[in-house]
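Have the model open while you read.

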Number of protein chains: 2
Amino acid sequence: MLSGPSGVGKGTVCSVLRQKMPELIYSVSATTRQPRQGEMDGINYFFKSKEQFKDMIARDALLEYAEYVGNFYGTPRDFVERTLASGKDIILEIEVQGALKVKEKFPEGVFIFLLPPSLDELKQRITGRGTETEDLIANRMTVAAEEMNLIRHYDYAVLNDEIDNACRRIQSIVEAEHCRSERYMSEFAQHMQAASEKA
Amino acid sequence: MLSGPSGVGKGTVCSVLRQKMPELIYSVSATTRQPRQGEMDGINYFFKSKEQFKDMIARDALLEYAEYVGNFYGTPRDFVERTLASGKDIILEIEVQGALKVKEKFPEGVFIFLLPPSLDELKQRITGRGTETEDLIANRMTVAAEEMNLIRHYDYAVLNDEIDNACRRIQSIVEAEHCRSERYMSEFAQHMQAASEKA
């Protein structure tokens, strides 16, 4: 789970990770917000009308959803569950509130909070996008500051000072998590079984 | 803390890590066992007589010590505490029993268990060393099989299938552990403080 305040660069980091870690499956979110330039339906998001989105909620087809600055974002449940069942790693890029809802359902997930180098830098990034009004920027800054307090619910905090550094840290986290001793316990049980059968 | 059953290759992995991660400080253990060919006092171990070792125990100068197949191994306390106080990372290569004693004193440490690809492979490595008698080998295999059960006390299990793979996994664990969110919490408190003072 890759999360973090709006404007921290979750989308950019995910795009670069997609090239560096082709073995990871990327979850595609559904949203009611307008596509930004270059964004494609089914690749960056599933773009939905509010009516379509409400129907997905009613059908319990979303793992989590949240309203954020007037738009809905959600994670289609099907795709995530099928990927996990196949034994592959899946990465979800989700707003802070949505990520915490997924944590209730998958506490064994690995929760990564992407950090801006500073709040000033975050404001510059939100402003620099040039697509939002002044009110919206002020609103986003307030939300972002509140979101920073939620880091205590996350396993990791990854500083997004440079995209390549952030990606290297995330790659290390994925590799380290594969080495968590709990994941080896069942394998060992088999080793021990085989050894005692020989003896 | 890098540990694992005797013969798994802790020493070799540590030697290669020393080159790949010069920023890590390496703890040097004290031991009463005879130096193997090429081992140097103060580099590989502090080689001590049993009398000298018992004196260190009496002076509480060892962070942990254990008797293992007739020899004593221990970790001089001074060096570890001074390194930690300076804010640097220190790596300890310790037998399984000793590592668990250190865990009682430093539960916040990162405990890595180095795994042989299989118990057969482990036996081949212990035999292949060519420096031990048949009885000693049988003894070591029994101890090693028991030690494998202690993995549940460790945070990570790193497969030593190839030295370079094992080293890469350990490097990832060190980088990931630096991203643990708890380590960032105090930094955030400062960010929030600065932000609220501006507002």
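The points below go through the interface and then the symmetry.

1. Ground rules: this is a predicted model, where local features need pLDDT of at least 70 and side-chain atom pairs count only at pLDDT 80 or more, while totals for chains, interfaces and linings use all residues. Residues are numbered from 1 along each chain as its sequence is written, chains are lettered from A in the order in which they are written, and side-chain values use heavy atoms, with hydrogens and water left out.

2. Extent: 34 residues of chain A touch 34 of chain B (contact means heavy atoms within 4.5 Å). Together the chains bury about 2,800 Å², with 63% of that on carbon and sulfur atoms (accessible area, 1.4 Å probe, lost on putting the two parts together and summed over both).

3. Salt bridges: there are four between chain A and chain B (a side-chain nitrogen of Lys or Arg within 4 Å of a carboxyl oxygen of Asp or Glu). One to look at pairs A:Arg168 with B:Glu175, whose closest N and O atoms sit 2.7 Å apart.

4. Who contributes: on chain A, the elements giving two or more residues to the side touching chain B are α5 (119-128), α6 (134-148), β9 (156-159), α7 (163-178) and α8 (181-198). Helices here are DSSP runs (H or I) of at least four residues, and strands (E) of at least two. α8(A) gives the most, nine residues.

5. Symmetry: chain A superposes on chain B by a 180° rotation with 0.0 Å of shift along the axis, RMSD 0.0 Å (least squares on C-alpha atoms of residues with pLDDT of at least 70 in both). The copies are thus related as by a two-fold rotation axis. Of chain A's residues, A:Ser172 comes closest to that axis, its C-alpha at 2.2 Å.
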